[in-house]
Amino acid sequence: MKKFKSKLQKGIVVLKNGRVWDPSKKALKNLDVVLKDGKIDKIGKIKDRIAKGSLVDLKRSYVLPGLIDIHVHLREPGFEEKETIESGCAAAAAGGFTAVCSMPNTNPVTDSQETVRFIKEKADNLPVDVYPIGAVTKGSKGEELAEIGFMHEAGIVGVSDDGIPVLNSKIMRLALEYCKKFDIPVISHAEEKELTSVGCMNEGFQSTKLGLKGMPGVAEDIMVARDIMLAEFTG
């Protein structure tokens with residue numbers, strides 16, 4: 001893939017007939033947006049004359065602030081055959097996302113200051129901001145707390161073992177206590193593995209009809225309940 005370069009269009013461009021969402025007022029209005037050298041200059045009904053070639057008719061398409069995806073798998077380092085930081089950011093930008101939070105399911109797992117710095121450096125010149133999520137436990141193995149403080153210094157915005165539940169309640173308690181100091185969230189994968197390990201779909205009428213092992217919804221409820229109680233206990 002070619003290296004990203006700034007594509008901000010010079011001069012004035014008017015986006016006409018868009019449906020503009022203003023989150024500060026929670027309002028959706030039919031407005032025009034004037035861009036000057038690639039940045040928003042004004043929003044409203046534009047009646048001024050504009051130069052030829054600078055008008056874009058949005059035909060009532062939506063105009064939104066940059067979207068943020070809080071759960072993406074960039075997979076670099078270690079699984080570049082699946083995704084890279086650059087290719088993931090290209091996909092995000094194409095979909096209107098200006099920031100993403102990258103999960104720690106990399107190789108090595110994002111459980112150290114060094115790996116967090118690697119991700120930040122790789123994303124430095126890309127058009128999408130990348131906010132790394134560090135692992136809760138070393139190697140996401142659920143056995144020992146990861147270096148949360150050091151990772152926070154390097155730039156993580158939260159911790160999670162991604163698709164792996166933290167089964168050890170003591171470790172989850174410690175993670176909550178540590179993250180409280182740094183004011184970052186612990187993102188829980190809510191699953192009681194003993195109830196889901198042999199399942200391949202939701203447990204219910206359809207799983208019985210198809211003769212497939214099901215995963216009961218209570219497997220999620222149990223972990224959510226535990227984490228709520230631990231969150232209350234740790235403040």
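**Exercise 1.** Find the distance of the polar contact that joins the side chains of Asn 17 and Asp 57.

*Solution.* Keep in mind that you're working with a predicted model.
- Start at strand E1, residues 12–22, where Asn 17 is found.
- Now look at the side chains: the polar contact between Asn 17 and Asp 57 comes out at 3.0 Å.
- Check what else is around: leaving aside neighbours within four places in sequence, Asn 17 also touches others, including Leu 31, Asp 32 and Leu 58.
- Leu 58 sits 41 residues away along the chain, yet its C-alpha is 5.5 Å from that of Asn 17.

**Exercise 2.** Decide how Asn 17 counts in terms of accessibility.

*Solution.* 
- Buried means under 20% relative accessible area, and exposed means over 50%.
- Asn 17 has 37%, so it counts as partly exposed.

**Exercise 3.** Work out where the buried residues of helix H4 lie when you look down its axis.

*Solution.* 
- Pick out H4, residues 169–182: its 14 residues reach 20 Å from first C-alpha to last.
- List its buried residues: Ile 171, Met 172, Ala 175, Leu 176 and Cys 179.
- Down the axis of H4, these fall within an arc of 140 degrees, so they line one face of the helix.
- Here's the general idea: an α-helix has 3.6 residues a turn, so residues three or four places apart point the same way.
- See what covers the buried residues of H4: helices H3 (148–154) and H7 (218–234) are included.

Conventions. Residues numbered from 1 in each chain as written. Predicted model: local features only at pLDDT ≥ 70, side-chain atom pairs only at ≥ 80, totals over all residues. Heavy atoms only, no water. Helix = DSSP H or I, 4+ residues; strand = E, 2+ residues; numbered from the N terminus. Expected span 1.5 Å × (residues − 1). Buried < 20%, exposed > 50% of the residue type's maximum accessible area, 1.4 Å probe, protein only. Arc of directions from axis to C-beta. Contact = heavy atoms within 4.5 Å. Polar contact = N/O pair within 3.5 Å; in protein donor to acceptor, adjacent residues only side chain to side chain.
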